[in-house]
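I am opening this notebook to record what I looked up, one place at a time. The entries follow the order in which I went through the model.

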Amino acid sequence: MAQNPKREFRGAWIQSVNGQFQGVSRDKMQQTLAYQLDELQKDGINAIFFQVRVEGDAFYPSELEPWSRYLTGQQGTPPNPYWDPLQWMVEQCHARGMELHAWINPYRAKTKGTTLMASNHAYMRNPQLFLDYDGLFLFDPGRPENREWICRVACDIVRRYDVDGLHIDDYFYPYPVAGLPIPDDMSYSMYGQGMNRADWRRQNVNLFVQQLHESLRAVKPWVKFGVAPFGIYRNQKNDPGGSITNGLQNYDDLYADVLEWVRQGWVDYNIPQLYWEIGNKAADYETLIRWWSEHAGERPLYIGQDVQRTVKFPDPENPQIHQMYRKYQLQRTLPGIQGSCQWYAAAVVENPGNYGTVLRQQLHNTPALQPRMPWIDSKAPGKPRKSAIIWTSDGPVLCWTPPKAKTEMDVATRYVVYRFFRGEKVNLDDPSHILCITDQTMLPLGYQGGRTSWTYVVTSLDRMQNESKAVKKHVKL
């Protein structure tokens, strides 16, 4: 496979809804997460989606919503000993050079397994604002008050925490159950204004996505907002422009017009969950990745990859190996695709079919900056200042000071250090020369007898990972 990209989103989802943290002690949860993050860092993962709102609840102290039972075992009960999992994860991810995106489920208010709700849950205060569907409680997307509430919750997260992104997944209107209509007659009669009900539902979700995008921008303009929709937009039998698939559809079944959100610029990235294998009869992975590539639009498209299903099925062109290489070849050669996200983080760490090993040793074996998002900010920060080689008792240290910045968007938050042989052409587009991406302003170099001449190059990165001009230092090590 060709040289790895210098810029690539390499994410992983850490879910809470599966109960993996429920009732687990603070020390055990921190130990588990720290181990996973260490392994994911070695695997080249540069962004984590951490699920912090499962059912109108919180994995962080909130004045708006109760502590999650998926953390403490009972909704509304704070952790003991007390701690803040979201703040801890922000710090842990940033210490490892990873972005942390707070992942919320916007509409789900109660999962089927929840039997006791806290008195301060939004449902307990205003049950008429919710839909009861097949054992789930959902914030009714047709109610403007619910859009306001969810945006308030999301902005509270972004205002109080140094998150890099706010992320929503694939649950909009409920996944349909045969023979069970969505019970939204009341909100439709109040707000439908004679619209076709399907169009009205789509409009409700559109209004929410637009409002959430605009609300987040107003709080912290550098925080990315993205979505991970179900993997099929529309089937071709329902829309000539759809994919040659036969499965549930975002547009028709979940009332999620994902392409409209991309067209309008309401999302900063799109991660369709392409969890099927190449050759799946109803939803072929290759058919879908090519379709999404053609419809990527003006926003980065990342691919949601299912780790376990990828290694379960053989490559159709080489049955001796599984499908990972073929999927990555498609991901990296089709236009518009700028990375992937792994479902799910623990599966990468468990390393079935050597999935994590292949990332570590081949597909992610050079560091990657995040894709650019010029619609948020395209101005590069200043270059590092006062760069020098300082000789210490422990050997030479490359040092620099941060560039000056007039605004928060100009602040250098990280630095890229490259290394080249003296006289070698300095090519900053080749990630194999990246020694590290660091938030420090110094790097010990190590002394090896002074026989080899090196050129070190340092650049600054701002919050959007715009890269500055370079500064060079020569040294013999």
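**Entry 1: a pair of strands**

I began with strand E12 (residues 314–315) and strand E13 (residues 318–322), which pair in the antiparallel sense over two bridges. The model I am reading is a predicted one.

**Entry 2: the largest pocket**

Next I turned to the largest pocket, which holds about 700 Å³ of space. I found that 32 residues line the largest pocket, and that those closest to its centre are Arg96, Gly97, Met98, Arg414 and Ile437. Helix H1 (26–42), helix H3 (85–95) and strand E18 (434–438) are the elements that give two or more residues to this lining, and E18 gives the most, with four residues. When I sorted the lining of the largest pocket by residue type, I had nine nonpolar, twelve polar and eleven charged residues.

**Entry 3: the second largest pocket**

I then looked at the second largest pocket, where about 200 Å³ of space lies. Its lining is made of 13 residues, and the closest to its centre are Trp103, Asp169, Asp170, Tyr171 and Trp343. Here the lining divides into six nonpolar, four polar and three charged residues.

I placed Tyr344 in the loop between strand E14 (337–343) and helix H13 (345–350). I wrote down another cis peptide bond, from Asn80 to Pro81, with omega near 0 degrees; Pro81 lies in the loop between helix H2 (69–72) and H3.

**Entry 4: two aspartates in loops**

Is Asp268 buried or exposed? I count Asp268 as buried because its relative accessible area is 0%, and buried means under 20%. I located Asp268 in the loop between helix H9 (258–264) and strand E9 (269–270). Its side chain makes a polar contact with the side chain of Trp375 at 2.8 Å. Apart from neighbours within four places in sequence, the residues in contact with Asp268 include Arg217, Lys224, Phe225, Arg299 and Met373.

The other aspartate I followed was Asp462, in the loop between strand E20 (453–461) and strand E21 (471–476), and I noted Asp462 as buried, with a relative accessible area of 1%. The side chain of Asp462 reaches the backbone nitrogen of Met464 at 3.0 Å, and the backbone nitrogen of Asn466 lies 2.9 Å from a polar atom of that side chain. Leaving aside neighbours within four places in sequence, I listed its contacts as Asp377, Lys379, Pro381, Met409, Val411, Ala412 and Thr413. I also noted that Asp462 and Glu408 are 54 residues apart in sequence and 8.9 Å apart in space, C-alpha to C-alpha.

**Entry 5: positive phi values**

Last, I looked up two residues with a positive phi. Gln193 has a positive phi of about 50 degrees although it is not a glycine, and I found Gln193 in the loop between helix H6 (185–191) and helix H7 (197–219). Gln193 is exposed, with a relative accessible area of 74%. Lys386, also not a glycine, has a positive phi near 50 degrees, but I found Lys386 in strand E15 (residues 385–392). I recorded Lys386 as exposed, with a relative accessible area of 66%.

Technical notes: Residues are numbered from 1 along each chain as its sequence is written. This is a predicted model: local features need pLDDT of at least 70, side-chain atom pairs count only at pLDDT 80 or more; totals for chains, interfaces and linings use all residues. Side-chain values use heavy atoms; hydrogens and water are left out. On a 1 Å grid over the protein atoms alone, a cavity is a set of points where a 1.4 Å probe fits but cannot get out, and a pocket is an open set with protein on both sides within 12 Å along at least five of seven lines; lining residues have an atom within 4 Å of a point. Grid points are joined across faces, edges and corners, and a volume is the space filled by probe spheres set on the points. Ala, Val, Leu, Ile, Met, Phe, Trp, Tyr, Cys and Pro count as nonpolar, Asp, Glu, Lys and Arg as charged, and the others, Gly among them, as polar. Buried means under 20% relative accessible area, exposed over 50%, partly exposed in between (1.4 Å probe, protein chains only). A polar contact is a pair of N or O atoms within 3.5 Å; within protein, one must be able to donate a hydrogen and the other to accept it, and residues adjacent in sequence count only if both atoms are side-chain atoms. Contact means heavy atoms within 4.5 Å. Two strands pair if DSSP finds at least two bridges between them.
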